[in-house]
Amino acid sequence: MTITEVPQRVAPDTPVSRTPTAVSGAPEFVSGAPEFVSEAAKRNPIKPKRDRFKAVLPYVAAIFGTLVGAIGFATSYNTLAEVALSWGFGEDLAPWFPIGVDASILAFLALDLYLILRGIPWPVLRMAAHGMTGATIWFNASAQGEIGADPVKSASHGVMPILFVIGVEAARRLFIQKAQLEAGTHADRIPLHRFILSPLATPKFYRRMRLNGVTSYPEMIQRQQDLIAYKQWLTRKHKGDLSKATEDERLPMKMAAYGYTVSEALALPEQQEREAEKRAEEAERRRRDAETRRKVAQKKSEADVLEADGELEAVRARVEGNTAQARAHARAQASAAEKAAELEEKAMETALVAEARAREAEAKRKEAQERRSAAAADLETAELERQTAEKRRLAAEADRVAAAEAQAIETAEIAEARQRAAEADRDTAETEKAAAETRRRAAEADRLAADEAERKATADAGVQAARKREAETELAAAETRLAAAEAERRAVEIEDAAKLTPRERSVRKVARLALAAGLVTVGLGADEIHRELCRVISIADVQRETAVSSTDTASKYRQEAVDLLASGYRPQQ
């Protein structure tokens with residue numbers, strides 16, 4: 001406690017009155033048991049009687065006080081009613097006037113006593129009750145005419161309310177003292193003889209007692225005596241020169257005005273030193289706590305930074321993984337599109353080559369057909385030449401017969417010449433016949449070659465047609481793959497926009513694979529879709545398309561794809 005601090009209201013060594021406790025071994029009274037008197041009561045027979053008398057006195061005072069009040073109110077009722085009637089209140093309101101005045105007195109006094117018992121007294125209520133009592137006394141005294149004309153008669157009408165107020169004030173004093181004793185705030189009064197015997201010092205004594213909150217008069221006397229004794233001892237110690245005393249030694253005289261006792265004032269330096277040490281220790285503790293909190297906050301900040309770095313690295317890795325996966329998907333889609341374009345180009349080239357070969361085979365077939373027509377014409381010409389040669393041979397044979405018939409007539413020389421001419425003609429006809437036969441055989445060979453060429457051209461045309469159909473089939477497949485690659489690319493873009501996880505992407509890829517394989521889900525339940533999907537898509541297909549090695553994961557992907565298709569999933573969604 002420092003010098004500037006306000007001292008405590010009550011001294012720590014103030015004696016407190018306590019209720020007497022029972023003596024060890026003293027007998028107790030039991031309800032229904034025969035009453036007996038203890039040894040102390042036998043030794044002091046007057047005290048029990050005095051205690052019983054004190055216990056009865058409050059009841060006697062209450063009874064007679066109530067009786068005095070009732071008589072006073074009864075005697076003043078008629079007087080106040082007549083006064084009210086004379087003042088013009090009327091016969092209806094005049095009887096209520098004394099009731100209002102007396103009821104206000106009782107109400108104010110009752111509220112004052114209640115607030116005192118609650119520890120929150122309000123002096124206004126007491127003054128209002130006394131004012132109404134004075135008014136009642138005045139009304140009763142003045143009702144008998146001029147007060148100065150007959151003072152005794154006027155006083156007799158006003159004495160009863162005064163007696164009631166005196167009784168109420170006595171009860172109020174009792175309640176106040178009891179409440180102060182219960183609360184420990186009862187202040188002793190300074191005896192009147194002290195004011196008479198020491199009229200100058202006693203007001204200062206009373207002032208210090210009230211300012212320092214000392215409620216015990218003996219305690220205040222003891223404090224004053226201790227201070228005087230200490231001052232005498234200090235004077236004797238320094239041989240009458242108090243200026244030689246130290247500041248600590250003069251503390252009791254300085255701090256007496258602030259309510260400190262001698263022992264409390266002398267203990268102030270040590271107490272202040274202890275408190276200074278406590279403050280220093282507290283400051284050191286707070287400094288250490290602050291240092292500890294600073295270090296903890298620093299470590300926590302470092303941990304938060306490391307944790308944030310870890311989260312950043314994790315997010316960066318996840319984003320890079322998603323980006324790499326998206327790029328891989330994009331590259332795969334681009335590669336698939338390029339391959340589809342190459343296949344389409346090759347298929348178109350194959351179709352053009354097949355069409356060119358088909359046109360070439362058609363041209364060869366037409367050329368062979370023309371050759372066959374030419375060979376047939378040559379054959380007809382050779383037949384005509386053979387027939388002409390046969391006719392010439394027959395003509396030559398006729399000429400020979402004619403020559404034989406004319407041989408008799410002609411000379412031998414002419415016949416021989418004709419025979420030679422006929423033989424020459426026959427040889428010529430034979431030669432022409434052989435040439436015609438040769439030409440016929442050549443024509444027949446040409447016709448067979450033309451037929452063979454036609455058959456070969458027809459076969460080549462069939463082969464080219466088959467190649468053309470194969471090229472068209474490959475073109476349709478390439479277009480289908482291109483459309484599938486385009487749909488896959490759009491699905492990947494949609495999945496990238498939706499920020500799906502790799503697992504969700506794999507499940508949707510399996511669903512698209514099943515739809516591309518011809519799975520129809522319209523009007524089918526989840527079980528039927530599962531059976532159809534298992535029929536068109538195997539676990540190996542799922543592993544190959546999703547690049548997973550676990551069959552369990554592939555099976556889960558396929559089951560999730562079934563649930564996705566059952567919920568109405570379509571690639572364009």
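This is a predicted model: local features need pLDDT of at least 70, side-chain atom pairs count only at pLDDT 80 or more; totals for chains, interfaces and linings use all residues.
Let us begin with the contacts in the protein. Of those with a separation of 6 or more, 63% are accounted for by residues 24 or more positions apart. The protein has 573 residues, and 23% of them count as buried.

Since helices are the elements here, let me turn to how some of them pack. Two packed helices are described by the angle between their axes and the distance between the axes.

Please look at helix H4, residues 96-118, and helix H5, residues 123-142. Their axes lie 8 Å apart, and the helices pack at an angle of about 150°. How are H4 and H5 oriented to each other? An angle over 145 degrees counts as roughly antiparallel, and H4 and H5 are therefore roughly antiparallel to each other. In passing H5, H4 makes a left-handed crossing.

Which residues meet in this pair? From H4 come Phe97, Val101, Asp102, Ser104, Ile105, Phe108, Leu109, Leu111, Asp112 and Leu115. From H5 come Leu125, Arg126, Ala128, Ala129, Met132, Thr133, Thr136 and Phe139. By class, the residues of the contact of H4 with H5 are twelve nonpolar, three polar and three charged.

Let us stay with H5 for a moment. H5 has 20 residues, and from its first C-alpha to its last it reaches 28 Å, close to the 28 Å expected at 1.5 Å a residue. Its buried residues are Leu125, Ala129, Thr133, Thr136, Phe139, Asn140 and Ala141. Among them, Leu125, Ala129, Thr133, Thr136 and Phe139 also belong to the residues that meet H4.

Next, please move along the chain to helix H13, residues 502-516. H13 has 15 residues, which at 1.5 Å a residue should span 21 Å; the C-alpha atoms at its ends are 21 Å apart, in agreement with that value. Which residues of H13 are buried? They are Arg505, Ser506, Val507, Val510, Ala511, Arg512 and Ala514. Just after H13 comes Gly518, with a positive phi of about 100°.

H13 packs with helix H16, residues 551-566: the two axes come within 8 Å and cross at roughly 70°. H13 and H16 are therefore roughly perpendicular to each other. On the H13 side, the contact is made by Arg503, Ser506, Val507, Arg508, Val510, Ala511 and Leu515. On the H16 side, it is made by Lys556, Tyr557, Arg558, Glu560, Ala561, Leu564 and Leu565. The contact of H13 with H16 has eight nonpolar residues, one polar residue and five charged residues.

H16 also packs with helix H14, residues 526-536. Here the axes come within 9 Å and cross at roughly 130°. H14 passes H16 in a right-handed crossing. Ala526, Ile529, His530, Leu533 and Cys534 of H14 make the contact with Arg558, Gln559, Ala561, Val562, Leu565 and Ala566 of H16. These residues divide into eight nonpolar, two polar and one charged. Please note that Arg558, Ala561 and Leu565 of H16 take part in the contact with H14 and also in the contact with H13.

Asp188 lies in the loop between helix H6 and helix H7. Asp188 is partly exposed, with a relative accessible area of 24%. Which residues does Asp188 contact, leaving aside its neighbours within four places in sequence? They are Met209, Arg210, Thr215, Ser216, Tyr217 and Pro218. Thr215 is 27 residues from Asp188 along the chain, and their C-alpha atoms are separated by 5.8 Å.

Most residues other than glycine have a negative phi. Lys239, however, has a positive phi, near 60°. Lys239 has its place in the loop between helix H9 and helix H10. Is Lys239 buried or exposed? At 78% relative accessibility, Lys239 counts as exposed.

Ala547 also has a positive phi, near 60°. Ala547 is found in the loop between helix H15 and H16. With a relative accessible area of 70%, Ala547 is exposed.

Definitions and conventions: Residues are numbered from 1 along each chain as its sequence is written. Side-chain values use heavy atoms; hydrogens and water are left out. Axes are lines fitted to C-alpha atoms, for helices over the stretch in contact, and angles run from 0 to 180 degrees between N-to-C directions. Helices (H or I, at least four residues) and strands (E, at least two) are DSSP runs, numbered from the N terminus. Angles under 35 degrees count as roughly parallel, over 145 as roughly antiparallel, 65 to 115 as roughly perpendicular and the rest as oblique. A crossing is left-handed if the near helix is turned anticlockwise from the far one by less than a right angle, and right-handed if clockwise. Contact means heavy atoms within 4.5 Å. Ala, Val, Leu, Ile, Met, Phe, Trp, Tyr, Cys and Pro count as nonpolar, Asp, Glu, Lys and Arg as charged, and the others, Gly among them, as polar. The expected span of a helix is 1.5 Å times one less than its number of residues. Buried means under 20% relative accessible area, exposed over 50%, partly exposed in between (1.4 Å probe, protein chains only).
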